[in-house]
Every structure is written in C-alpha cells, then in structure tokens.
Amino acid sequence: LPRESGQFKYIGHKSINNDKIGSNRIISIFKDKTSSLWLGTANDGLYQVSSNGSTRHYIPTRGGVPPFVSGILQDSGDSYWLASLVDGLFRFNPMSGQCTKIPIYYKNKEMKGVTCITEDGNKNIWIGVMGGGLLRWDMRTKKMYQMRTYDNGQQFSENGNLLHNRW
C-alpha cells in the first residue's frame, strides 16, 4: 500500500511516539475476543496491545511466559495457549502471567519445537510440532493424539482424511 493511505501505523521500537513492543522480532500475532492484539516474539516473551492502545509486556521468566512465542490461541473456553519453538506448549493465564507446561511426547522423547496452534469447530486444539508432525488435543477428554498420514499402510484419501471438513 502507498505510504499516503494511512492504513498501517508503526508501533515498534523505532517509533518516536509509539514504542510499545520492544525491539525483538515479532513471530506470531493473534487477536483475541476483546480485540486485544497478542504479539509473540523471538526472545522477548509476549506483548498484549489492548484496543485502547495500552500495552502489557509479559517478560520471560521461569514458570511464566517462554522467551520464544511462535503461536498464540484463545480457545472456545477462553483459555489461552502459547506455542514455543524452543520450549514447547503452554496454557497461559493473562491475569497472573503464569504458564503451565503441557508436555508433548513422541516415541518417549519430549517434543519442544511447537510451531503453531489452532482450534477447530469440534473443540480440538491442533498443534504443529517440528519432528513430531501434527497433534490433536481433545479438550473434552484431555488427551493428546498424534495424527498420521498413513493408517494400516494405506494412505488416507482426501475424503477420508482426518482433517477433511473440520473447519
């Protein structure tokens, strides 16, 4: 877009008037149900920019927000989830800033490289993991399932695919 359009407004660390989000790279963005913008960074934790422009920085701490936030989700039950490419999967409490780690195991090895997270219409949380593929957290049963592209040696067809028509 041309600069004159005014549709974009810079709020980063080089802004004279709007230094709200520090100087680290933004690697994930999520808009919650209250229209707050959540910004995950590489090595600076998480920022919340509310619809009125106020900002809260969740500084990485032990038991708190991880430094590297690669994905953010507010699920249908209003719980917040954070994905971390370095530290794994977390449930997040925005009021206290505390995180609870949700360990993910594949072949008896903990997987930490969580790249992205989303929810489908059936109350399943879908989790992309480096080296672990796609996982599904069933919010009703509180169980984790690894999704496979093959079943009994047969590749799923498009119509029989587990992900078909989920959204």
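1. Aromatic pairs. Rings of Phe, Tyr and Trp (its six-membered ring) pair if their centres lie within 6.5 Å; planes under 30 degrees apart count as stacked, over 60 as edge-to-face and the rest as tilted. By that rule the structure holds 6 aromatic pairs. One of them is stacked: tryptophan 38 and tyrosine 58, at 5.7 Å centre to centre and 25° between the planes. Tryptophan 38 sits in strand β2 and tyrosine 58 in strand β4, so the pair links distant parts of the chain, 20 residues apart. Strands here, as helices, are DSSP runs numbered from the N terminus (strands: E, at least two residues; helices: H or I, at least four).

2. Basis of the model. This is a predicted model, in which local features need pLDDT of at least 70 and side-chain atom pairs count only at pLDDT 80 or more, while totals for chains, interfaces and linings use all residues. Residues are numbered from 1 along each chain as its sequence is written, and side-chain values use heavy atoms, with hydrogens and water left out.

3. Tryptophan 38 again. Tryptophan 38 and phenylalanine 92 also form an aromatic pair. This one is edge-to-face, with 5.9 Å centre to centre and 85° between the planes. Phenylalanine 92 lies in strand β7 (residues 88-92) and tryptophan 38 in β2, so the pair ties together parts that are 54 residues apart in sequence. Trp38, Tyr58, Tyr80 and Phe92 form one aromatic cluster. Tryptophan 38 and tyrosine 58 are both buried, and so is phenylalanine 92. Buried means under 20% relative accessible area, exposed over 50%, and partly exposed in between (1.4 Å probe, protein chains only).

4. The open sheet. Strands β1, β2, β3 and β4 form an open sheet in that order, with antiparallel pairing. Two strands pair if DSSP finds at least two bridges between them. β1 and β4 (55-58) stand at the edges with a single partner strand each, so one side of each has no neighbour in the sheet. From one strand to the next, the twist averages 20°. Axes for such angles are lines fitted to C-alpha atoms (for helices over the stretch in contact), and angles run from 0 to 180 degrees between N-to-C directions. Strand β3 (residues 46-49) and β4 are joined by 4 bridges. Glutamine 48 has arginine 56 of β4 as its bridge partner.

5. A nonpolar patch. Ile26, Ile29 and Leu37 make a nonpolar surface patch of about 250 Å². Patches are made of residues with over 30% relative accessible area and no salt bridge; like charges are joined within 9 Å, nonpolar side chains (Val, Leu, Ile, Met, Phe, Trp, Tyr) within 5 Å. Areas come from the Shrake-Rupley method with a 1.4 Å probe; for residues, only the protein chains shown count as cover. Isoleucine 29 is found in strand β1. Its relative accessible area is 59%, so isoleucine 29 is exposed.

6. Partners of β12. β12 pairs antiparallel with strand β11 (residues 114-119) over 5 bridges. Cysteine 116 stands opposite glycine 128 there. The hairpin of β11 and β12 has 4 residues between the strands, and lysine 123 takes a positive phi near 60°. β12 also pairs antiparallel with strand β13 (residues 133-138), over 6 bridges. Here glycine 133 is the bridge partner of valine 129. The hairpin of β12 and β13 has 3 residues between the strands, with glycine 131 at a positive phi near 80°.

7. Salt bridges. A salt bridge is a side-chain nitrogen of Lys or Arg within 4 Å of a carboxyl oxygen of Asp or Glu. The structure holds 3. In one, aspartate 78 meets lysine 33, the closest N and O atoms being 2.8 Å apart. The pair links distant parts of the chain, 45 residues apart: aspartate 78 is in the loop between β5 (71-74) and β6 (80-84), lysine 33 in the loop between β1 (26-31) and β2 (37-41). Aspartate 78 is partly exposed at 43%, whereas lysine 33 is exposed at 52%.

8. The other salt bridges. Lysine 101 bonds with glutamate 110, the closest N and O atoms being 3.2 Å apart. Lysine 101 is partly exposed at 32% relative accessible area, and glutamate 110 likewise at 27%. Arginine 136 forms a salt bridge with aspartate 138, with closest N and O atoms 3.7 Å apart. Both arginine 136 and aspartate 138 are buried.
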